[in-house]
Each structure stands twice: as C-alpha cells, then as structure tokens.
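Here is a short report on how one chain folds. Look over the sequence and the structure first.

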Amino acid sequence: MNNYLLSVYDKTEYNAGPKAKRDISRILSEKLNFKNIEFYFNLDNTIFSKINKIKYLNLDIPRKLKNKKIDNIFIQYPIYSTVIIKKILSSLDRDVKIYYIVHDLESLRLFKNDENYLSEEINRLNDADGIISHNSIMTKWLKENGVKTQISDLEIFDYLTKNVAPESNSYEKTLCYAGNLQKSDFLVNEFYPIDVYGPNPKKEYPKTVSYKGVFTPEELPKHLKENFGLIWDGNRIDECNGVYGEYMKYNNPHKVSLYLSSGLPVIIWEKAALAEFVSKHQVGIVVGSLAQLQNKLGSLTEEEYLNLRYNAQSVSEKLKNGYYIVKAVSNLIDNK
C-alpha cells in the first residue's frame, strides 16, 4: 500500500510552517511509512506570487505527482488556493483515494454565516473519500451541514517535543498562557495572577500579568513552570467571544496540546469543544468564567492537583508519540 501525505506551506509562515502540520508529516512518515509531498508557495497577491503560482501550476505540481504509484493520499486541509487544489486533484490518477486532514474550517471561522462559502466547502469535502475532523462536535456540525463522506475524529492534535515542563512537586495555584498576544485581548482585564508567553505583547498589562518572553514551539515547554495552562480567547473574562472565541466551540486549539504534551493540566472554557476531552480524561478544570479561577484554584487540594497532573502526563506520552493522528488515519484506511 503506497500512502502519501501532501502538505502545502506558505513561504511567509514563521519557522517554515505551522507545527501541527510538521508534526503530522513526521508522525505519519515514521509510524505508518507515509511518503511526503510538499509544496511551498507565497500565498499572497503580489505580482511575484502570481507569476510563481503559474510556474507551480504548469510545471512543479504535475512534475512532483507524475509517475507516482499512490493508493491513498492524505491532504492537510485547507489549501488556501482553489486553483492549486484543483490542479493537485486533477494531477492524481482516478483510482487514488483522497482524504483530508482538517486543520481549519473557514466556513466555521472567518467565513461563518457565508452561505456560498459554506456550500463550496461542503462540496469540496464531499469529493473526498474521507475526512479527519477535530472532534465529535465538529463532526456533528459537518454532518448537519451536508457532509456525507466518511469521517474519523482526531480528538486532539498530537505535539512532538523532547522538552517537558519542570517537575512540580507542589501546588502553588499558578497559571500561564501561551499564544499570539496580539489577539489575546482578555489579558487587559484583571482577573487572576498569570504568566504569559508569546509574540506581540501589548505595551501595558494589569499588574496581575507577568510577561515571560517568546520561545519557539519546541523550546517553550521547558519554560512552563506553572501549575496550569489557560485556553481562552476574545476580549472578555465571562466568556470566550469574537471569531476565535466562537470557533473554540468546534475546533481543537493547538495550545491545549502544547500544555498537555508538557504534562501541564489545563483550564478551559466550558463551552469549548475540547472541554469534553479535558473532563473525560481528568486533565484539567472547566470554567464558565475567568472570574471563577480564584475560587476553583483556591479550593483545589494538592492531592487533587497532583492527580490532574498525573493524568496530563499520561496523555502527554500519547501526544508525543503521535497516538491520535495514527489512530484517526488508520480508522479511515482500514474502513474504506
């Protein structure tokens, strides 16, 4: 069986592409003997980018896919160019089984409530032989909106790292947040002492916020010395709001995987899709509002905390070994 993974990267992306995509490429190659096909584009509207795209469409894509014996091809989705994805699909033999590994659904995020975009995206997904969805909630939404093809749930993104958070032998009620701080507007509110990591910090924060710097995704885990990692989005503390806050009701935020792969329990909004995973595996605390943190963390005993950390470390081993993507991919191949 000749299995391939096709990935398209934006040349302008930091560190040669998102970590989630890179991890999947490595895991499937090492665990399931997948062969990788990679394309690099400038996914913008400059003249240079347009000229380069013409070259890729007429030369590079056909050349890379020509004469390859492919049984199954998994494509990291979305590819932000209709022309490119059409060219890739038309360059494949008709008997090749095509699967999408969903990283984002723009009809649920940036184009939510756009009926035309939704229709196009659903049709595109239905053209595949199978899909890997983030979780059961996203899968339910896909089916309700017309997806008929086979779906396998990822559950959570794996996260490859050799670094782990320093061992915590005591519960000090400490909290951290890692992410792009430019869009983390909730941090301007005073709600609980928190250490923050990431690019684009604001010029001023409340005295409860301590900025700790920016590190690569590979290096960050060894700097996380706190007891919990926070998953939150928007500009409010009583709920996650805005485009990305609403999106949390369906997607798997990659920072959940960052924290858990480091053996760090998480705190997550109760309406987030991954709140179910956190509760089921007892790897953190679910809250309705950040105003609850003082009470929630204050009433948690050290024994209860260490149990959460033990569970997080158990999940960490799976994340660092590619357990979830291997399971989801195998489900599709085995059941085709």
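In what order do the 6 strands of the open sheet stand? The order is E2-E1-E3-E4-E5-E6, and the pairing is parallel. Keep in mind that this is a predicted model.

**The sheet**

Strands E2 (35-41) and E6 (150-153) stand at the edges. Each has a single partner strand, so one side of each is left without a neighbour in the sheet. From one strand to the next, the twist averages 20°. Strand E3 (residues 72-77) runs parallel to strand E4 (residues 97-102), and 6 bridges join them. Tyr77 has Val102 of E4 as its bridge partner.

**Helices on the sheet**

| Helix | Strands met | Direction |

**Helix against helix**

H11 (residues 323-334) also meets helix H1 (residues 19-32): their axes come within 10 Å and cross at roughly 65°. That makes H1 roughly perpendicular to H11. The crossing is right-handed.

Which residues make this contact? H1 brings Ile24, Ile27, Leu28, Lys31 and Leu32. H11 brings Ile325, Val326, Val329 and Ser330. By class, the contact of H1 with H11 has 7 nonpolar residues, 1 polar and 1 charged.

Conventions. Residues numbered from 1 in each chain as written. Predicted model: local features only at pLDDT ≥ 70, side-chain atom pairs only at ≥ 80, totals over all residues. Heavy atoms only, no water. Axes fitted to C-alpha atoms, helices over the stretch in contact; angles between N-to-C directions. Helix = DSSP H or I, 4+ residues; strand = E, 2+ residues; numbered from the N terminus. Parallel < 35°, antiparallel > 145°, perpendicular 65-115°, else oblique. Left-handed = near helix turned anticlockwise from the far one by under 90°. Contact = heavy atoms within 4.5 Å. Nonpolar A, V, L, I, M, F, W, Y, C, P; charged D, E, K, R; others polar. Pairing = 2+ DSSP bridges.
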